[in-house]
Amino acid sequence: MAKDYYGILGVGRDASDDEIKRAYRKLARQYHPDVNPDPEAHEKFKDINAAYEVLSDDQKRQIVDLGGDPLAPGGGGPGAGPGGAGPFVGFQDIMDAFFGASGARGPRPRTRPGADAILRLELDLHETAFGVEAPITVDTAVLCTTCTGAGTAAGTHLATCDACGGRGEVQSVQRTFLGQVVSSRPCAVCQGHGTIVPHPCPTCAGEGRVRTRRSLTVKIPAGVEDGMRIRLAQQGEVGPGGGTAGDLYVEIHERTHDVYSRKGDDLHCRVTVPMTAAALGTRLTIKTLDSEEPVDVKPGTQPGSTLRLRARGVPHLRGTGRGDLYVHLDVRTPTRLDADQERMLREFAKTRGEEVAELSKQGGFFSRMRDAFNGHA
Ligand code: ZN
Ligand code: ZN
(Lines give C-alpha, C1' and ligand atoms only; values in the text may rest on other atoms or scores of the structure.)
(Ligands and ions follow the chains in the order given, each with its own letter.)
Protein backbone atom coordinates (compact mmCIF):
# COMPACT_ATOMS: atom_id res chain seq x y z
CA MET A 1 0.00 0.00 0.00
CA ALA A 2 1.27 3.45 -0.91
CA LYS A 3 2.44 5.61 1.95
CA ASP A 4 0.59 8.80 2.80
CA TYR A 5 3.46 11.16 2.05
CA TYR A 6 1.28 14.25 2.40
CA GLY A 7 0.12 13.07 5.82
CA ILE A 8 3.70 12.47 6.97
CA LEU A 9 4.60 16.09 6.26
CA GLY A 10 1.23 17.30 7.50
CA VAL A 11 0.43 19.23 4.32
CA GLY A 12 -2.60 19.23 2.05
CA ARG A 13 -2.59 17.59 -1.38
CA ASP A 14 -2.59 21.04 -2.93
CA ALA A 15 0.45 22.25 -0.92
CA SER A 16 2.88 24.47 -2.80
CA ASP A 17 6.57 23.62 -3.12
CA ASP A 18 7.24 26.28 -0.53
CA GLU A 19 4.79 24.84 1.98
CA ILE A 20 6.31 21.38 1.50
CA LYS A 21 9.80 22.74 2.07
CA ARG A 22 8.75 24.61 5.21
CA ALA A 23 6.94 21.61 6.64
CA TYR A 24 9.95 19.42 5.94
CA ARG A 25 12.40 21.77 7.61
CA LYS A 26 10.28 22.06 10.70
CA LEU A 27 9.90 18.29 11.09
CA ALA A 28 13.56 17.60 10.24
CA ARG A 29 14.67 19.88 13.07
CA GLN A 30 12.28 18.12 15.44
CA TYR A 31 13.02 14.48 14.62
CA HIS A 32 16.65 14.39 13.61
CA PRO A 33 18.35 11.56 15.60
CA ASP A 34 21.03 13.98 16.80
CA VAL A 35 18.47 16.13 18.54
CA ASN A 36 15.83 13.53 19.32
CA PRO A 37 17.21 10.29 20.87
CA ASP A 38 13.82 8.54 20.86
CA PRO A 39 14.14 5.41 18.62
CA GLU A 40 10.74 6.17 17.13
CA ALA A 41 12.04 9.58 16.12
CA HIS A 42 14.63 7.81 13.99
CA GLU A 43 11.94 5.99 12.03
CA LYS A 44 9.90 9.14 11.78
CA PHE A 45 12.93 11.04 10.45
CA LYS A 46 13.34 8.45 7.69
CA ASP A 47 9.69 8.82 6.76
CA ILE A 48 9.97 12.61 6.71
CA ASN A 49 12.97 12.45 4.40
CA ALA A 50 11.21 9.97 2.14
CA ALA A 51 8.11 12.13 1.99
CA TYR A 52 10.15 15.20 1.17
CA GLU A 53 12.13 13.40 -1.49
CA VAL A 54 8.92 12.35 -3.18
CA LEU A 55 6.89 15.51 -2.82
CA SER A 56 9.70 17.89 -3.77
CA ASP A 57 10.15 16.08 -7.09
CA ASP A 58 7.45 16.89 -9.62
CA GLN A 59 7.60 13.53 -11.37
CA LYS A 60 7.55 11.51 -8.15
CA ARG A 61 4.80 13.65 -6.74
CA GLN A 62 2.73 12.94 -9.82
CA ILE A 63 3.09 9.19 -9.22
CA VAL A 64 1.87 9.71 -5.65
CA ASP A 65 -1.06 11.74 -6.89
CA LEU A 66 -1.97 8.87 -9.23
CA GLY A 67 -2.03 6.46 -6.30
CA GLY A 68 1.44 4.93 -6.79
CA ASP A 69 4.53 4.88 -4.60
CA PRO A 70 7.71 5.95 -6.38
CA LEU A 71 9.86 4.58 -3.53
CA ALA A 72 8.33 1.12 -3.43
CA PRO A 73 10.71 -1.55 -4.86
CA GLY A 74 9.90 -1.86 -8.55
CA GLY A 75 6.77 0.17 -8.09
CA GLY A 76 8.13 3.36 -9.47
CA GLY A 77 6.82 3.73 -12.93
CA PRO A 78 8.30 6.03 -15.49
CA GLY A 79 10.65 8.64 -14.20
CA ALA A 80 10.97 7.13 -10.73
CA GLY A 81 14.30 7.13 -8.96
CA PRO A 82 16.27 3.98 -8.24
CA GLY A 83 13.73 1.69 -6.58
CA GLY A 84 14.54 0.58 -3.06
CA ALA A 85 17.72 2.56 -2.87
CA GLY A 86 16.36 4.38 0.16
CA PRO A 87 15.40 7.98 0.49
CA PHE A 88 17.90 10.53 -0.53
CA VAL A 89 17.43 14.18 0.27
CA GLY A 90 19.79 16.79 -1.04
CA PHE A 91 22.56 17.83 1.31
CA GLN A 92 21.59 21.46 0.86
CA ASP A 93 18.06 20.78 2.07
CA ILE A 94 19.32 19.33 5.35
CA MET A 95 21.76 22.21 5.76
CA ASP A 96 19.01 24.71 5.13
CA ALA A 97 16.80 23.04 7.69
CA PHE A 98 19.40 23.54 10.38
CA PHE A 99 21.30 26.65 9.41
CA GLY A 100 18.76 28.59 7.41
CA ALA A 101 18.79 29.08 3.69
CA SER A 102 22.23 29.97 2.49
CA GLY A 103 22.99 32.22 -0.37
CA ALA A 104 25.84 34.25 -1.75
CA ARG A 105 26.73 36.90 0.81
CA GLY A 106 29.85 39.01 0.68
CA PRO A 107 30.41 42.47 2.09
CA ARG A 108 27.33 44.53 2.89
CA PRO A 109 27.33 47.88 1.11
CA ARG A 110 27.87 50.91 3.39
CA THR A 111 25.37 52.92 1.43
CA ARG A 112 21.81 51.77 1.95
CA PRO A 113 18.44 53.34 1.08
CA GLY A 114 16.82 55.44 3.78
CA ALA A 115 13.54 54.77 5.54
CA ASP A 116 10.22 56.46 4.81
CA ALA A 117 8.96 59.01 7.32
CA ILE A 118 5.42 59.98 8.27
CA LEU A 119 4.14 63.27 9.58
CA ARG A 120 0.69 64.18 10.88
CA LEU A 121 -0.88 67.39 9.59
CA GLU A 122 -3.97 68.92 11.20
CA LEU A 123 -6.21 70.88 8.86
CA ASP A 124 -9.53 72.68 9.09
CA LEU A 125 -12.46 71.58 6.94
CA HIS A 126 -12.03 74.68 4.81
CA GLU A 127 -8.41 73.66 4.06
CA THR A 128 -9.20 70.03 3.22
CA ALA A 129 -12.12 71.16 1.07
CA PHE A 130 -10.40 73.82 -0.98
CA GLY A 131 -6.71 72.89 -0.65
CA VAL A 132 -3.93 74.80 1.03
CA GLU A 133 -0.18 75.29 0.94
CA ALA A 134 0.72 74.14 4.42
CA PRO A 135 4.09 74.82 6.06
CA ILE A 136 5.51 71.72 7.77
CA THR A 137 8.56 71.07 9.91
CA VAL A 138 10.37 67.79 9.30
CA ASP A 139 12.91 66.11 11.59
CA THR A 140 14.85 63.62 9.49
CA ALA A 141 18.33 62.48 8.63
CA VAL A 142 19.81 64.41 5.72
CA LEU A 143 23.00 63.99 3.75
CA CYS A 144 26.13 65.08 5.65
CA THR A 145 27.48 67.95 3.61
CA THR A 146 30.95 67.73 5.18
CA CYS A 147 31.73 64.30 3.69
CA THR A 148 28.82 64.12 1.20
CA GLY A 149 27.85 60.77 2.65
CA ALA A 150 31.23 59.03 2.52
CA GLY A 151 31.61 59.09 6.32
CA THR A 152 35.35 59.66 6.13
CA ALA A 153 37.23 62.74 7.38
CA ALA A 154 38.59 65.03 4.68
CA GLY A 155 41.62 63.55 2.92
CA THR A 156 41.12 60.05 4.40
CA HIS A 157 39.73 56.86 2.93
CA LEU A 158 38.08 53.62 3.94
CA ALA A 159 40.46 50.81 4.86
CA THR A 160 40.04 47.08 4.31
CA CYS A 161 38.98 45.27 7.48
CA ASP A 162 41.83 43.12 8.82
CA ALA A 163 39.55 40.81 10.77
CA CYS A 164 37.76 39.44 7.70
CA GLY A 165 40.20 40.44 4.98
CA GLY A 166 37.50 42.55 3.35
CA ARG A 167 35.03 39.69 2.84
CA GLY A 168 32.62 41.07 5.42
CA GLU A 169 32.04 37.64 6.92
CA VAL A 170 33.98 35.26 9.08
CA GLN A 171 33.76 31.51 8.89
CA SER A 172 33.64 29.05 11.72
CA VAL A 173 33.73 25.27 11.79
CA GLN A 174 30.96 23.42 13.61
CA ARG A 175 30.78 19.74 14.36
CA THR A 176 27.38 18.39 13.36
CA PHE A 177 25.75 15.08 12.58
CA LEU A 178 26.96 15.54 9.05
CA GLY A 179 30.55 15.92 10.10
CA GLN A 180 32.33 19.24 10.15
CA VAL A 181 30.36 22.06 8.68
CA VAL A 182 31.70 25.47 7.82
CA SER A 183 29.30 28.28 8.47
CA SER A 184 29.78 31.98 8.05
CA ARG A 185 28.41 35.05 9.83
CA PRO A 186 28.87 38.78 9.38
CA CYS A 187 32.21 40.15 10.65
CA ALA A 188 31.70 41.90 13.99
CA VAL A 189 34.61 44.30 13.51
CA CYS A 190 33.32 45.90 10.30
CA GLN A 191 29.61 44.93 10.77
CA GLY A 192 29.84 42.98 7.55
CA HIS A 193 30.97 45.89 5.41
CA GLY A 194 34.44 44.53 4.71
CA THR A 195 35.84 48.00 5.28
CA ILE A 196 36.40 50.21 8.30
CA VAL A 197 36.46 53.99 8.68
CA PRO A 198 39.85 54.79 10.27
CA HIS A 199 39.12 58.53 10.51
CA PRO A 200 35.39 59.21 10.73
CA CYS A 201 33.97 62.49 9.49
CA PRO A 202 33.70 64.76 12.57
CA THR A 203 30.28 66.09 11.54
CA CYS A 204 28.42 62.79 11.17
CA ALA A 205 30.76 60.42 13.09
CA GLY A 206 31.05 58.27 9.96
CA GLU A 207 27.31 57.85 9.44
CA GLY A 208 27.24 59.86 6.22
CA ARG A 209 24.03 61.56 7.41
CA VAL A 210 23.01 63.95 10.16
CA ARG A 211 19.68 64.68 11.82
CA THR A 212 18.26 68.07 11.13
CA ARG A 213 15.06 70.08 11.21
CA ARG A 214 13.78 71.42 7.92
CA SER A 215 10.85 73.57 6.89
CA LEU A 216 8.90 72.59 3.82
CA THR A 217 5.71 73.68 2.17
CA VAL A 218 3.36 70.91 1.18
CA LYS A 219 0.66 71.55 -1.38
CA ILE A 220 -2.59 69.97 -0.20
CA PRO A 221 -5.04 69.46 -3.09
CA ALA A 222 -8.71 70.34 -2.73
CA GLY A 223 -10.95 67.52 -1.56
CA VAL A 224 -8.54 65.49 0.60
CA GLU A 225 -10.07 63.47 3.40
CA ASP A 226 -9.16 62.61 6.96
CA GLY A 227 -6.59 59.78 7.02
CA MET A 228 -5.30 60.32 3.47
CA ARG A 229 -1.56 60.39 2.95
CA ILE A 230 0.32 62.66 0.59
CA ARG A 231 3.63 61.28 -0.59
CA LEU A 232 6.60 63.60 -0.97
CA ALA A 233 9.18 61.59 -2.92
CA GLN A 234 12.63 61.42 -1.33
CA GLN A 235 11.82 63.80 1.52
CA GLY A 236 12.13 61.02 4.13
CA GLU A 237 15.25 59.72 5.87
CA VAL A 238 18.55 59.73 4.03
CA GLY A 239 20.04 56.23 4.36
CA PRO A 240 23.30 55.19 6.06
CA GLY A 241 26.32 56.20 4.03
CA GLY A 242 24.28 58.90 2.32
CA GLY A 243 21.90 56.38 0.71
CA THR A 244 18.88 57.53 -1.31
CA ALA A 245 16.30 59.21 0.89
CA GLY A 246 13.03 57.42 1.61
CA ASP A 247 9.69 59.13 1.03
CA LEU A 248 7.87 61.44 3.39
CA TYR A 249 4.16 60.77 3.93
CA VAL A 250 2.02 63.61 5.20
CA GLU A 251 -1.07 62.17 6.86
CA ILE A 252 -4.12 64.43 6.85
CA HIS A 253 -6.12 64.87 10.04
CA GLU A 254 -9.23 66.97 9.64
CA ARG A 255 -10.36 68.93 12.69
CA THR A 256 -13.98 68.55 13.70
CA HIS A 257 -16.03 71.50 12.44
CA ASP A 258 -18.48 73.37 14.68
CA VAL A 259 -21.27 73.45 12.12
CA TYR A 260 -20.67 70.84 9.41
CA SER A 261 -20.07 67.14 9.71
CA ARG A 262 -18.55 65.46 6.70
CA LYS A 263 -19.47 62.15 5.07
CA GLY A 264 -17.28 61.61 2.04
CA ASP A 265 -17.72 64.76 0.00
CA ASP A 266 -21.17 65.52 1.41
CA LEU A 267 -21.67 67.88 4.33
CA HIS A 268 -24.44 67.82 6.90
CA CYS A 269 -25.68 70.56 9.22
CA ARG A 270 -28.70 71.21 11.44
CA VAL A 271 -30.88 74.29 11.37
CA THR A 272 -33.67 74.99 13.86
CA VAL A 273 -36.83 76.75 12.67
CA PRO A 274 -39.75 77.86 14.87
CA MET A 275 -42.92 75.78 14.71
CA THR A 276 -44.78 78.67 13.06
CA ALA A 277 -42.19 78.98 10.29
CA ALA A 278 -42.31 75.24 9.70
CA ALA A 279 -46.09 75.44 9.47
CA LEU A 280 -46.31 78.59 7.33
CA GLY A 281 -43.15 78.15 5.28
CA THR A 282 -40.28 80.61 5.20
CA ARG A 283 -37.11 81.59 3.42
CA LEU A 284 -33.82 80.93 5.24
CA THR A 285 -30.32 82.09 4.44
CA ILE A 286 -27.99 79.10 4.78
CA LYS A 287 -24.26 79.71 5.19
CA THR A 288 -22.36 77.14 3.15
CA LEU A 289 -18.59 76.59 3.26
CA ASP A 290 -18.01 79.39 0.76
CA SER A 291 -21.28 81.19 0.10
CA GLU A 292 -24.69 82.14 1.47
CA GLU A 293 -27.72 80.55 -0.14
CA PRO A 294 -31.40 81.48 0.14
CA VAL A 295 -33.37 78.31 0.87
CA ASP A 296 -37.15 77.95 0.89
CA VAL A 297 -38.73 75.95 3.71
CA LYS A 298 -42.06 74.72 2.38
CA PRO A 299 -45.25 75.27 4.40
CA GLY A 300 -46.01 72.22 6.52
CA THR A 301 -42.38 71.15 6.95
CA GLN A 302 -42.04 68.32 9.48
CA PRO A 303 -39.29 67.94 12.13
CA GLY A 304 -36.40 65.90 10.73
CA SER A 305 -36.97 67.06 7.14
CA THR A 306 -33.88 67.48 5.03
CA LEU A 307 -33.05 70.07 2.42
CA ARG A 308 -30.40 69.28 -0.13
CA LEU A 309 -28.18 71.97 -1.60
CA ARG A 310 -26.56 70.46 -4.66
CA ALA A 311 -22.83 70.95 -5.18
CA ARG A 312 -22.41 72.91 -1.95
CA GLY A 313 -20.32 70.21 -0.27
CA VAL A 314 -16.62 69.40 -0.62
CA PRO A 315 -15.03 69.47 -4.10
CA HIS A 316 -14.20 65.99 -5.40
CA LEU A 317 -10.50 65.17 -5.15
CA ARG A 318 -10.60 63.36 -8.48
CA GLY A 319 -12.57 64.80 -11.33
CA THR A 320 -14.77 67.84 -11.18
CA GLY A 321 -17.83 68.72 -9.19
CA ARG A 322 -18.65 68.82 -5.53
CA GLY A 323 -20.60 66.88 -2.96
CA ASP A 324 -23.92 68.17 -1.59
CA LEU A 325 -24.86 70.02 1.56
CA TYR A 326 -27.73 68.47 3.53
CA VAL A 327 -29.60 70.78 5.89
CA HIS A 328 -31.49 68.86 8.56
CA LEU A 329 -34.38 70.86 9.95
CA ASP A 330 -35.28 70.81 13.64
CA VAL A 331 -38.65 72.34 14.46
CA ARG A 332 -38.75 74.23 17.74
CA THR A 333 -41.93 74.04 19.79
CA PRO A 334 -42.67 77.36 21.54
CA THR A 335 -42.23 77.38 25.32
CA ARG A 336 -43.50 79.77 28.02
CA LEU A 337 -46.60 80.99 26.27
CA ASP A 338 -48.20 84.01 27.90
CA ALA A 339 -51.96 83.96 28.59
CA ASP A 340 -52.86 85.56 25.24
CA GLN A 341 -50.64 83.24 23.22
CA GLU A 342 -52.00 80.21 25.03
CA ARG A 343 -55.59 81.29 24.40
CA MET A 344 -54.87 81.82 20.69
CA LEU A 345 -53.21 78.46 20.39
CA ARG A 346 -56.17 76.74 22.08
CA GLU A 347 -58.57 78.49 19.74
CA PHE A 348 -56.39 77.45 16.83
CA ALA A 349 -56.47 73.83 18.05
CA LYS A 350 -60.25 74.01 18.41
CA THR A 351 -60.66 75.20 14.80
CA ARG A 352 -58.54 72.24 13.74
CA GLY A 353 -60.69 69.83 15.75
CA GLU A 354 -57.64 68.85 17.78
CA GLU A 355 -58.83 68.11 21.32
CA VAL A 356 -56.28 69.41 23.84
CA ALA A 357 -56.68 68.15 27.42
CA GLU A 358 -56.14 70.92 29.91
CA LEU A 359 -53.59 70.49 32.70
CA SER A 360 -55.07 71.23 36.12
CA LYS A 361 -53.30 73.91 38.11
CA GLN A 362 -53.11 71.54 41.10
CA GLY A 363 -51.77 68.26 39.94
CA GLY A 364 -51.71 68.09 36.15
CA PHE A 365 -53.18 65.55 33.77
CA PHE A 366 -51.64 62.47 35.34
CA SER A 367 -52.79 63.25 38.86
CA ARG A 368 -56.36 63.60 37.52
CA MET A 369 -56.03 60.24 35.81
CA ARG A 370 -54.99 58.69 39.13
CA ASP A 371 -57.97 60.29 40.91
CA ALA A 372 -60.25 58.82 38.27
CA PHE A 373 -58.96 55.30 39.02
CA ASN A 374 -59.37 55.83 42.78
CA GLY A 375 -62.98 56.92 42.36
CA HIS A 376 -62.46 60.53 43.47
CA ALA A 377 -63.21 62.21 40.20
ZN1 ZN B 1 30.05 63.40 7.39
ZN1 ZN C 1 35.49 42.79 8.85
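Trainee: How much space lies in the largest pocket?
Mentor: In this predicted model, local features need pLDDT of at least 70 and side-chain atom pairs pLDDT 80 or more, while totals for chains, interfaces and linings use all residues. Residues are numbered from 1 along each chain as written, chains are lettered from A and ligands numbered from 1 in written order, and side-chain values use heavy atoms, without hydrogens or water. A pocket is an open set of points on a 1 Å grid over the protein atoms alone where a 1.4 Å probe fits, with protein on both sides within 12 Å along at least five of seven lines. For the largest pocket, the space is about 660 Å³.

Trainee: Which helix gives the largest share of its lining?
Mentor: The lining comprises 22 residues, each with an atom within 4 Å of a point. With seven residues, the largest share comes from helix 8.

Trainee: What spacing do the donor residues of the zinc ion (ligand 1) follow in sequence?
Mentor: Its protein donors (N, O and S atoms within 2.8 Å of the metal, or 3.2 Å for Na, K and Ca) are the SG atoms of Cys144, Cys147, Cys201 and Cys204, 2.3 Å away. Their spacing is C-x2-C-x53-C-x2-C.

Trainee: Which arrangement do the donors of the zinc ion (ligand 2) adopt?
Mentor: The SG atoms of Cys161, Cys164, Cys187 and Cys190 lie 2.2 to 2.4 Å from this ion. Four donors qualify if all angles lie between 85 and 135 degrees. Because the angles here are 102 to 117°, the arrangement is tetrahedral.

How values were computed. Tetrahedral: all angles 85-135°; square planar, octahedral: opposite > 155°, others 65-115°. Points joined across faces, edges and corners; volume = space filled by probe spheres on them. Helix = DSSP H or I, 4+ residues; strand = E, 2+ residues; numbered from the N terminus.
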